[in-house]
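Hi,

Here's the structure I said I'd pass along.

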Amino acid sequence: MSDLRPEAPPANGDLRAPWAAGRVPVSPVPRWARIAAHAVPFTILPSGLWRMGVMLAIPGFGTAEARNHGAGLDLYLMLLFVISEALGLLTLGLVQPWGEAVPRWIPLLGGRRIPPLAAVVPAALGALASTGVVYYFFLSILFGGFPAGHTTTEEVILTVCYLPLLAWGPLLGSVTYAYYRRRTS
């Protein structure tokens, strides 16, 4: 059975009422957690746009060597962009009802409650992994400098596009903690 509230009867002519009914989490999501969860995809987006700039060979995005790339690099950059954004969007499940119960339209599993640890463990590991990778990247640049071949403009654009990623892990970690507290209390 679902942890969601039972469906309410439609309001007078309001066609959105059945859609909204039953989609409210049992315990309320803190406002800060909702804001943090919605911010995660936007912390990932600039780095993805930078990758698209490299892929499209826009001057200032990546080195001249990277801009003279082949299809393999394009595929890698596109997959990295899509996968990282998809993972960022999954953060929304920690503040939405579909993170508490499987949506009804999914065959065989629809409507079943999601055990809290089934969401908390991967989210916590993702927070640790994203924090580790991003902070390692920035620390290696801070102490070792940029790899050879980058112009000052390219270094500035890369830094500006990747700087928001520093917030990804901490935001995901805090939203995961709020989810855990809300679902286990």
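Below is what turned up when I went through it.

One thing to keep in mind from the start: this is a predicted model.

**The overall picture**

The chain has seven helices and zero strands. If you walk along it from the N terminus, the elements read α-α-α-α-α-α-α. Of its 185 residues, 36% count as buried. Also, if you take the contacts with a separation of 6 or more, 68% of them are between residues 24 or more positions apart.

**Two helices side by side**

Who meets whom? On the H2 side, the residues include Val 40, Pro 41, Ile 44, Leu 45 and Leu 49. On the H4 side you'll find, among them, Leu 77, Met 78, Leu 80, Phe 81 and Leu 89. Sorted by class, this contact has 13 nonpolar, three polar and three charged residues.

**The largest pocket**

Rolling a probe the size of a water molecule over the atoms shows where empty space is left. The largest pocket in this model has a volume of about 680 Å³. It is lined by 27 residues, and the closest to its centre are Leu 87, Gly 126, Ser 130, Trp 168 and Leu 172.

Which elements give two or more residues to that lining? They are H2, H4, helix H5 (116-144) and helix H7 (168-184). H5 supplies the largest share, with 11 residues. By class, the lining has 19 nonpolar, seven polar and one charged residues.

Finally, zoom in on Thr 176, which sits in helix H7. Is Thr 176 buried or exposed? Its relative accessible area is 4%, and the cut-off for buried is under 20%, so Thr 176 is buried. Setting aside neighbours within four places in sequence, Thr 176 is in contact with Leu 94, Val 120, Ala 123 and Ala 124.

Cheers

Note on methods:
Residues are numbered from 1 along each chain as its sequence is written. This is a predicted model: local features need pLDDT of at least 70, side-chain atom pairs count only at pLDDT 80 or more; totals for chains, interfaces and linings use all residues. Side-chain values use heavy atoms; hydrogens and water are left out. Contact means heavy atoms within 4.5 Å. Helices (H or I, at least four residues) and strands (E, at least two) are DSSP runs, numbered from the N terminus. Ala, Val, Leu, Ile, Met, Phe, Trp, Tyr, Cys and Pro count as nonpolar, Asp, Glu, Lys and Arg as charged, and the others, Gly among them, as polar. On a 1 Å grid over the protein atoms alone, a cavity is a set of points where a 1.4 Å probe fits but cannot get out, and a pocket is an open set with protein on both sides within 12 Å along at least five of seven lines; lining residues have an atom within 4 Å of a point. Grid points are joined across faces, edges and corners, and a volume is the space filled by probe spheres set on the points. Buried means under 20% relative accessible area, exposed over 50%, partly exposed in between (1.4 Å probe, protein chains only).
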